[in-house]
Amino acid sequence: MKYKLAPEIRRQIRTLIKELKFTHIKPNQIHCIRSFDAKTRAYARIWGMSRLFNEVAGLKPNYIIEVINQRFEKLTPREKIKTLIHELMHIPKTFSGALLSHRGPHHEINDSIASVFYSHKLLSV
Ligand SMILES: [Zn+2]
């Protein structure tokens with residue numbers, strides 16, 4: 001995979017975490033990259049790590065948010081933010097390194113829920 005670090009995305013992510021009060025997310029343990037040759041239909045995706053790395057090896061959980069450059073850059077600013085919110089919603093309250101699927105017994109991640117967060121953000125700014 002061809003990629004580079006994306007400090008501008010990381011800054012946006014930090015702002016979103018603060019504004020949306022996603023207090024379970026540790027901003028220092030979120031990293032962001034832009035990828036250039038990914039063969040996926042996604043605009044962005046998030047990489048976690050098994051909680052075993054924490055429990056067995058004592059490593060801090062870290063997440064990487066990857067934006068798929070060619071696809072992400074076609075989005076409007078509003079859609080970009082919604083996409084980043086969507087990725088943050090995959091992080092469980094336990095911040096264990098694991099990822100939530102799109103639909104679970106106690107949660108659902110979809111773009112209309114990301115929109116609610118988005119409009120909430122607009123109200124609080
Ligand atoms: Zn998703």
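Predicted model: local features only at pLDDT ≥ 70, side-chain atom pairs only at ≥ 80, totals over all residues.
The chain contains five helices and four strands. Along the sequence, these elements follow the pattern β-α-β-β-α-β-α-α-α. The radius of gyration is 14 Å, close to the 14 Å that the globule rule gives for 125 residues, so the chain is as compact as a globular protein of that length. The C-alpha trace spans about 40 × 35 × 25 Å along its principal axes. Of the 125 residues, 22% count as buried. Among contacts with a separation of 6 or more, 73% come from residues 24 or more positions apart.

The four strands form an open sheet. Their order is β1-β2-β4-β3, and the pairing is mixed. β1 (3–5) and β3 stand at the edges with a single partner strand each, so one side of each has no neighbour in the sheet. From one strand to the next, the twist averages 25°. β3 and β4 run antiparallel and are joined by four bridges. In one of these strands, β4, I65 is the bridge partner of I46. Helix α1 lies across β1, β2 and β4. The helix runs at about 140° to β2.

The largest nonpolar core holds 19 residues. Those touching the most other members are I9, I13, A44, I65, V67, L84 and L88. Two or more core residues come from each of α1 (7–19), β2 (30–35), β3 (44–47), β4 (63–68) and α4 (77–89). I65 illustrates how these elements meet. Beyond its neighbours within four places in sequence, I65 is in contact with I9, I13, I30, C32, A44, I46 and E87.

Methods
Residues numbered from 1 in each chain as written. Core = buried A, V, L, I, M, F, W, Y, C linked by C-beta atoms within 7 Å. Buried ≥ 20, exposed ≤ 12 C-beta atoms within 10 Å, placed from the backbone. Contact = placed C-beta atoms within 7 Å. Rg over C-alpha atoms; globule rule 2.2 N^0.38 Å. Pairing = 2+ DSSP bridges. Axes fitted to C-alpha atoms, helices over the stretch in contact; angles between N-to-C directions.
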